[in-house]
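Please look over the sequence and the model shown here before reading on.

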Amino acid sequence: MRIRLVHGFAVLCTGLLAGAFGYGAANLVPTFDAVPLEMRLSFHAELMKMNGITMQAAMGASILSSLTLAVLTAGRARLLAGAAGLLALASFLITRFGNVPINGRIKQWAVTSAPADHAEILRRWELFNDMRTLAAFAAFVLLIVLAFGGLRTTVRAGHAL
């Protein structure tokens, strides 16, 4: 029973993470590109204030729940859950070291002005966004595969379903 709860929580967290990043990639980024630069910068800066807490929580919960599932299982299930945890960690690292520094620059530009090379910097932010979205989506898919692949048969000895 415990493993099912951990697995369900991992699926929920990674699904929310992948969904949030997917929504951003499919809807926010094209909208950013369609509005005037000043509007994009102001909205982006405000959005990051809200995202800071919620997205970090989703990434942390995805990482911890997937890695906990890996510890509680064995064989193929351990590999899938561990890979999902590492992919969720990758989404965090890409965000932390790719998107967040650029977000800081965008926040400054919103109150001053964007530099001449702003388009290239924004393209780099979008590349990082695509990478973290794919990592989160892949983590979610692995946990779904695990759900359909028979978690029951790969439980470590001593851990009840």
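What follows is a briefing on this predicted model, grouped by topic.

The protein chain holds four helices and zero strands, where helices (H or I, at least four residues) and strands (E, at least two) are DSSP runs numbered from the N terminus. Because the model is predicted, local features need pLDDT of at least 70 and side-chain atom pairs count only at pLDDT 80 or more, whereas totals for chains, interfaces and linings use all residues. Residues are numbered from 1 along each chain as its sequence is written, and side-chain values use heavy atoms, with hydrogens and water left out.

**Overall fold**

- Read from the N terminus on, the elements of the protein chain run α-α-α-α.
- Taken along the principal axes, the C-alpha atoms of the protein chain fill a box of roughly 60 × 20 × 20 Å.
- Of the 161 residues in the protein chain, 38% are buried, where buried means under 20% relative accessible area, exposed over 50% and partly exposed in between, with a 1.4 Å probe and protein chains only.

**The largest pocket**

- The largest pocket has a volume of about 520 Å³; a pocket is an open set of points on a 1 Å grid over the protein atoms alone, where a 1.4 Å probe fits and protein lies on both sides within 12 Å along at least five of seven lines.
- Grid points are joined across faces, edges and corners, and the volume is the space filled by probe spheres set on the points.
- The lining of the largest pocket comprises 27 residues, of which Met 48, Asn 51, Gly 52, Asn 103 and Arg 132 lie nearest its centre; lining residues have an atom within 4 Å of a point.
- Two or more residues of this lining come from each of α1 (2-34), α2 (37-72), α3 (75-111) and α4 (118-148), and α2 gives the most, with nine residues.
- By residue class, the lining of the largest pocket divides into 15 nonpolar, eight polar and four charged residues, where Ala, Val, Leu, Ile, Met, Phe, Trp, Tyr, Cys and Pro count as nonpolar, Asp, Glu, Lys and Arg as charged, and the others, Gly among them, as polar.

**Aromatic rings**

- The structure holds two aromatic pairs; rings of Phe, Tyr and Trp (its six-membered ring) pair if their centres lie within 6.5 Å, and planes under 30 degrees apart count as stacked, over 60 as edge-to-face and the rest as tilted.
- Phe 32 and Phe 43 form an edge-to-face pair, at 6.0 Å centre to centre and with 65° between the planes, and this pair links Phe 32 in helix α1 with Phe 43 in helix α2, 11 residues apart.
- Phe 32 counts as buried at 4% relative accessibility, whereas Phe 43 counts as partly exposed at 42%.
- Phe 32 also forms an edge-to-face pair with Trp 125, at 6.4 Å centre to centre and with 65° between the planes; Phe 32 lies in helix α1 and Trp 125 in helix α4, so this pair ties together parts that are 93 residues apart in sequence.
- Both Phe 32 and Trp 125 are buried, and ring pairs link Phe 32, Phe 43 and Trp 125 into a cluster.
- Arg 96 lies over the face of Phe 97, at 5.6 Å from the ring centre; a charge sits over a ring if NZ of Lys or CZ of Arg is within 6 Å of the ring centre and within 35 degrees of the ring normal.

**Polar contacts of two threonines**

- Thr 95, in helix α3, counts as buried at 10% relative accessibility, and a polar contact of 3.2 Å joins its side chain to that of Arg 132.
- A polar contact is a pair of N or O atoms within 3.5 Å; within protein, one must be able to donate a hydrogen and the other to accept it, and residues adjacent in sequence count only if both atoms are side-chain atoms.
- Thr 14, in helix α1, is buried with a relative accessible area of 1%, and a polar atom of its side chain lies 2.9 Å from the backbone oxygen of Ala 10.

**Separations along the chain and in space**

- Gly 149 lies in the segment after α4 and counts as partly exposed at 35% relative accessibility; its C-alpha atom is separated by 9.1 Å from that of Arg 76, 73 residues apart along the chain.
- Met 55, in helix α2, counts as buried at 12% relative accessibility, and Met 55 and Leu 12 are 43 residues apart in sequence and 14 Å apart in space, C-alpha to C-alpha.
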